[in-house]
Amino acid sequence: MRLAGQGLINRDEQIRFTFDGRWYRGFKGDTLASALMANDVQVVARSFKYHRPRGIFGCGSEEPNALVTLGRGAGQEPNARATTVELYEGLEAYSQNAWPNLDFDLLAINDLAAPFLGAGFYYKTFMWPQKFWEKLYEPLIRRAAGLGEISPQEHELKHEKAYAFCDLLVIGGGPAGLMAAWIAAQSGADVILADEDTVLGGRLNAERLEVDGQPGSAWAVDMARRLSNTENVRLMTRTTITGAYDQGTYGALERIAPDVAAREGAPKTCFWRIAAKRAVLAAGAMERPIAFSNNDRPGVMLAAAARAYANRWCTAPGKQVAVFCNNADGHRTAADLQAAGAEVVALIDTRPEATSDLDVPFYAGGQVKGTRGRSGLKSITLQASGKEMKIETDVLAVSGGWNPSVHLTCHMGGRPIWNEEIAAFLPKANAVPGLEACGAANGTFSTHAAMQSGAQSALNALSALGLKHPKYKLPKAENEAYSISPFWVVEGKGRAWLDFQNDVTVKDVRQAATENFRSVEHMKRYTTQGMAPDQGKNSNINALAVLAGATGETIPATGTTTYRPPFVPVPIGAMGAGGSGIGFAPQRFITSHEATLASGAPMIEAGLWYRPSYFPLSGENNWRQSCDREVEMVREALGVCDVSTLGKIDVQGPDAESFLDFVYTNKMSTMKQGRVRYGLMLREDGFVMDDGTCARLSDNHFLVTTTTAAAGQVMRHFEFVHQCLRPAWNVRFVSVTEQWAQFAVAGPKSLELLQNLLGQGLERADWPFMSCGDVEIGDVAARLFRISFSGELGWELAVPSRYGAALFDHLLRLAEELGGGPYGMEALNVLRLEKGFITHAEIDGRVTAKDLGMGAMMSPSKDFIGKTMAMRPGLTEDKRGHIIGLKTIGSVKQLIAGAHLFEPGMEPVSENSLGYISSVGYSPTLSRMVGLGFLQNGHARIGEPVRMVEHLSGVIANCEVVHPVQFDQDGGRMRD
Amino acid sequence: MIELIPKSPLHGHEPLDIGGVHFFEINAGAMTSLLPYKGKANALSKALQKCHDVSLPEPNRTTGKTGARVIWFGREHTLLMGPEPNTSLAKHAALVDQTDSWTVAELRGEKAEAVLSRLCPLDLRSAVFKRGHTGRTELSHMMASVTRIGVQSFQIMVFRSMVKTLTHDMQVAMESVAARK
């Protein structure tokens, strides 16, 4: 119900929203929780396990009960805490974990079975028969238990991630945080002040306290205005610091204001990585409840939350209010609710010595033994002065004391320290380097003391930053002492809840101890206490106190479980913002991309590059038709292929040739200028890393090419070799992959095309196989290499990339005049397979030079990377797989890459495997499939039969081992 | 005679103008990797001064200005932007033409820093990353070179082949920042 008063809501601005399909009204400044409360919606959720009706319990991100789903369909957001959801026009919220609806939930039958469903129930019950687990038990449990659901549909919710830097990060904008930020800002430090709430002020917005003679919330507004006018301050409201990481890095989740998030292009959340030289933790404290029988009824809530709803949002969950506490702070709730117009029917303090001046029924030394009212609190049973009495009330506000928010200080392994005086854990100093806790987060609870400690933390940070201390004056504020007498559980019959979100009771924790799960970490896992979205924010300390009681240990000896990031749930979409769809990885496009697309070629990814698969002509409706035609075209006339994606490294310097001799197995130093050599590089372990060509452009100037996939790896390898192994060598290298657009022109008519293109006499005799040199295309300087990956007379022509698109167009036009055209990756693959040329399908990191039949390329007259390791017996023995070619000889004509090879007649099991097929293709030139593979002692088996067995599809083919080069074995076509 | 028509990396991409932030291609002129040989950095710096009136920058710094700028580009690696390098520099350093390797663009506007902070992990605060400061860094998932060339403007370079990803990611970040105004 809505109370009179102003609070921090704007009654002039009404907002309409729905909950479970029903329309309600709230005001600007409301949260979903406060608006539901104002509309007398008492049951907002069903509990996790027993499906008990639950109401709003707290007023911040620690809320265990009021979890709702926002929106429907793709993009729906489950487990949103109604207490932190800002109300906006048209907001749609839905309850969770109830069927068919919130008021009548069939699975509430679990509640009747509660005696059987205690801690460890699953572990004991669903053991037998074993096969029932996956098919029956698990689906049943998953159906019965759980919270909200994400939509399986793909959605386009935009998240964002961003980086921020500062001298001082102030975490929390309550009195301590505001003072810390203000003082640091005066010294000129770059300050970020982050707070979860929509407005700064922290508890000042929830209390009736005055600061410097004005309402605390008004003072906070004033401070916020002054801070936002300070250039070196960045205020980040709606931003939760979620984790503390190495080197002063903090994760933060920002919820974008609903009106902003609704704009075109706006994100819904932003995940920040904030790097701060120093940090002040002013995150405040969280109130804890007291456990008693049936303490989970809607209407039972935290005392400070009850007065926050009254003071800030002018709402209360009922007309009559009882307060149950073990500390002085709880009395404030009675006073504030009375002032707000509610009838306070009882103030119950467990401390026998407690006193109260309030005009309310006061019960010192009293305890709440139980409650009544299934879907909303009706009455409580009070035990005081040896008597039990029933008191009718709608609301029971409970305070078991305050737990400082130590979470972030524990994210790097620090353990909090128990403090007897406030009966709570305090942060361990310096547990996170550069982070200092202050205010309520450090157990300093009065407004004055919090401001003072915030100021001191700021000064400490300024000293560490080497900045001057500014003059400042602390505002006048209350300085009441905090007194508490620890009280955890009211003993009695019935279930007393500790963890509302996971339905864990006092009995469950004691049961765990009885069954010898006495460590707090074991208890947590056995009972599930402290799991789920709230991570036990309300329950951890109470649960460990109960455990300590059960085991006879002290609370400090029992200790806490490990606090881990994130402090609040963070959508995976926020952490990986921008990484879906085309944002997943950069796309690299060749200069001929547009023309290639225009010709209808489907593109395939090669690393990050996009390359044409084949170029379909009209009438071709199958990739094989295009591929076969392109292969024949290259063999009979000519073809053009964009090969710009191959890695290119420019190597220069007096020691360039020594360097290349060291990274290649073969010698490059003996190569003459204007020549190109094929080269092989090994890894340090002796296996083949990559292959490619090396061209000598001038005396001390080389151009190395790598495969497309290994370009980065080879560059990294070069850096390693130079920086770590041969730092003294005077050699310089840099990637020029992107500088040059390079096109292969291959086929018997390729020379004619080049002559037409260059308009100059290009004599075959001047350009022997494996030569290179400069040419001019019009007035553009280009490089020409006579190399071949197709086995035909072949060239590669390179121009600066800006001319790539234009050159491709000219090459196609000239090729078509000669009966040629473009060819894609499929044809390129078949051409190289016919010739037995290798790709990374063969050099997959497990093969040696000798396996590839390239043992002779391992120069005996020099040292090179991988040489020694390649000599290991295991890498040289004959039983290793050697590269071989394959052709089928039986009725089955199919070869399949990945299939294994067996001796004919041997059982096709893994122990009998003699090798495998690495790549296959249909050769239109040979009118059959061609394959490359590796076969034990394969070099000696040419001509022998083997059987291919492909276990996935069941294809078996009789094959003959042939030489890997199946077409033009002497290489005349490309050499002459 | 065949005439090859050049295309710049951002050819066909309209400049972006979103929320008062502008993103457009810069014609930086010739770009040359200068890789000084062992012990030749000083000599290279002097020769640069003589030929192009710029010196060799320290790591993460640039020298010169638009028209003739040298930016630090990595370990023992700087990039001369603007003039064709004088051939005499080759005595002191390996010179490698990179004119066509990189997309060069400028991001300009009051919120340029906010846009970049969505894409790049550098500390871009003007007191830290001043005019003339440069960094080899990550931009979205791309490796990039980011240089502050003005109070509210940054020079951004990524591989030529990645220009589409650059413009896409830049547009997303610009729209996101614009929406927050």
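Chain B contains three helices and eleven strands. In this predicted model, the elements of chain B follow the order β-β-β-α-β-β-β-β-β-α-β-β-β-α from the N terminus on. The predictor assigns the complex an ipTM of 0.98 and a pTM of 0.93.

**Overall form of chain B**

- The radius of gyration of chain B is 17 Å, close to the 16 Å that the globule rule gives for 181 residues, so chain B is as compact as a globular protein of that length.
- Along the principal axes, the C-alpha atoms of chain B occupy a box of roughly 55 × 50 × 25 Å.
- Of the 181 residues in chain B, 54% are buried.
- When contacts in chain B between residues at least 6 apart in sequence are considered, 59% of them join residues at least 24 apart.
- The average pLDDT of chain B is 96, and 100% of the residues score at least 70.

- Helix 3 of chain B covers residues 163-179, which amounts to 17 residues.
- From its first C-alpha to its last, helix 3 of chain B reaches 24 Å, close to the 24 Å expected at 1.5 Å a residue.
- Helix 3 of chain B is mostly covered, with 13 of its 17 residues buried.
- B:Lys38 lies in the loop between strand 3 (30-36) and helix 1 (41-52) of chain B.
- Why does B:Lys38 count as partly exposed? B:Lys38 has 15 C-beta neighbours inside 10 Å, whereas a buried residue has 20 or more and an exposed residue has 12 or fewer.
- B:Lys38 and B:Thr103 are 65 residues apart along the chain, and their C-alpha atoms are separated by 30 Å.

**The contact between chain A and chain B**

- Chain A contributes 44 residues to the contact, and chain B contributes 42 residues.
- On the side of chain A that touches chain B, the elements that give two or more residues include strand 31 (588-589), strand 35 (647-652) and helix 21 (804-817) of chain A.
- Which element of chain A gives the most to the side that touches chain B? Strand 8 of chain A does, with five residues.
- By class, the side of chain A that touches chain B consists of 23 nonpolar, twelve polar and nine charged residues.

**A six-stranded sheet in chain A**

- An open sheet of six strands in chain A has the order 41-42-43-40-34-44, and its pairing is mixed.
- Strand 41 (772-777) and strand 44 (821-822) of chain A stand at the edges with a single partner strand each, so one side of each has no neighbour in the sheet.
- Strand 34 (residues 639-642) and strand 40 (residues 740-746) of chain A run antiparallel and are joined by four bridges.
- A:Cys641 is placed opposite A:Ala744, which belongs to strand 40 of chain A.

**Strands 46, 49 and 50 of chain A**

- Strand 46 (residues 900-902) and strand 49 (residues 945-950) of chain A run antiparallel, with three bridges between them.
- Strand 49 of chain A also pairs with strand 50 (residues 955-962) of chain A, in the antiparallel sense and over six bridges.
- A:Val949 is the bridge partner of A:His900, and A:Val949 also has A:Ile956 in strand 50 of chain A as a bridge partner.
- Four residues separate strand 49 and strand 50 of chain A in a hairpin, and A:Gly954 in the turn has a positive phi of about 80°.

Definitions and conventions: Residues are numbered from 1 along each chain as its sequence is written. Chains are lettered from A and ligands numbered from 1 in the order in which they are written. This is a predicted model: local features need pLDDT of at least 70, side-chain atom pairs count only at pLDDT 80 or more; totals for chains, interfaces and linings use all residues. Two strands pair if DSSP finds at least two bridges between them. pLDDT is the predictor's confidence in each residue, from 0 to 100. Two residues are in contact if their C-beta atoms, placed from the backbone, lie within 7 Å. Ala, Val, Leu, Ile, Met, Phe, Trp, Tyr, Cys and Pro count as nonpolar, Asp, Glu, Lys and Arg as charged, and the others, Gly among them, as polar. The expected span of a helix is 1.5 Å times one less than its number of residues. The radius of gyration is taken over C-alpha atoms; the globule rule is 2.2 Å times the number of residues to the power 0.38.
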